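Please take a look at the protein below.

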Amino acid sequence: MKRKQFLSSLAAAGVLLPGLAGAGVPEGLADEPLIVPPYLVPGDSIGITCPAGFITELEIKPAVEEMERWGFKIK
């Protein structure tokens, strides 16, 4: 089961903590409409970072090549 489906099923079953429903949302912003950015399209630039730790160029090369095959510019 994919993570998104799993979390949705938990929310639907009422398993998630009810007190955390609005946690992290500043007061007054809960009623603001959700802004969804446009989807990526071929020709868009993607920046790759590694905040969890060090990764070599050799290790990241397959991912970069795949995204370039999809038509993205990699930084």
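The protein chain averages a pLDDT of 80, and 69% of the residues score at least 70. This score is the predictor's confidence in each residue, from 0 to 100. The model is predicted, so local features need pLDDT of at least 70 and side-chain atom pairs count only at pLDDT 80 or more, while totals for chains, interfaces and linings use all residues. Residues are numbered from 1 along each chain as its sequence is written, and side-chain values use heavy atoms, with hydrogens and water left out.

Helix H1 (residues 3-13) has the lowest mean pLDDT among the elements, 68. Strand S2 (residues 73-74) has the highest, 95. Where pLDDT is low, the predicted coordinates should not be read in detail.

**The whole chain**

The protein chain has 2 helices and 2 strands. Their order from the N terminus is α-β-α-β. Both kinds of element are DSSP runs, numbered from the N terminus: helices are H or I with at least four residues, strands are E with at least two.

How much of the chain is buried? Of its 75 residues, 7% count as buried. Buried means under 20% relative accessible area, exposed means over 50%, and partly exposed lies in between (1.4 Å probe, protein chains only). The accessible surface comes to about 7000 Å². Carbon and sulfur atoms hold 64% of that surface. These areas come from the Shrake-Rupley method with a 1.4 Å probe; for residues, only the protein chains shown count as cover.

Contact means heavy atoms within 4.5 Å. Take the contacts between residues at least 6 apart in sequence: 63% of them join residues at least 24 apart.

**Helix H2**

Helix H2 covers residues 57-69. It has 13 residues and reaches 18 Å from its first C-alpha to its last, close to the 18 Å expected at 1.5 Å a residue. The expected span is 1.5 Å times one less than the number of residues. After H2 comes Gly 71, whose phi is positive, near 100°.

Ala 63 sits in H2. Its relative accessible area is 33%, so Ala 63 is partly exposed. Ile 48 is 15 residues away along the chain, and the two C-alpha atoms are separated by 9.8 Å.

Which residues does Met 67 contact, leaving aside its neighbours within four places in sequence? They are Ile 46, Ile 48, Phe 72 and Ile 74. Ile 46 is 21 residues from Met 67 in sequence, yet their C-alpha atoms are 8.7 Å apart in space.

**Salt bridges**

Side chains of opposite charge can pair when their charged atoms come close. A salt bridge here is a side-chain nitrogen of Lys or Arg within 4 Å of a carboxyl oxygen of Asp or Glu. By this rule there are 2 salt bridges.

| Salt bridge | N to O distance |
|---|---|
| Glu 65 and Lys 61 | 3.8 Å |
| Glu 66 and Arg 69 | 2.5 Å |

Glu 65 and Lys 61 are separated by about one helical turn, because they lie 4 residues apart in helix H2. Glu 66 and Arg 69 also both lie in H2, 3 residues apart, about one turn of the helix.

Glu 66 counts as partly exposed at 28%. Arg 69 reaches 60%, so Arg 69 counts as exposed.
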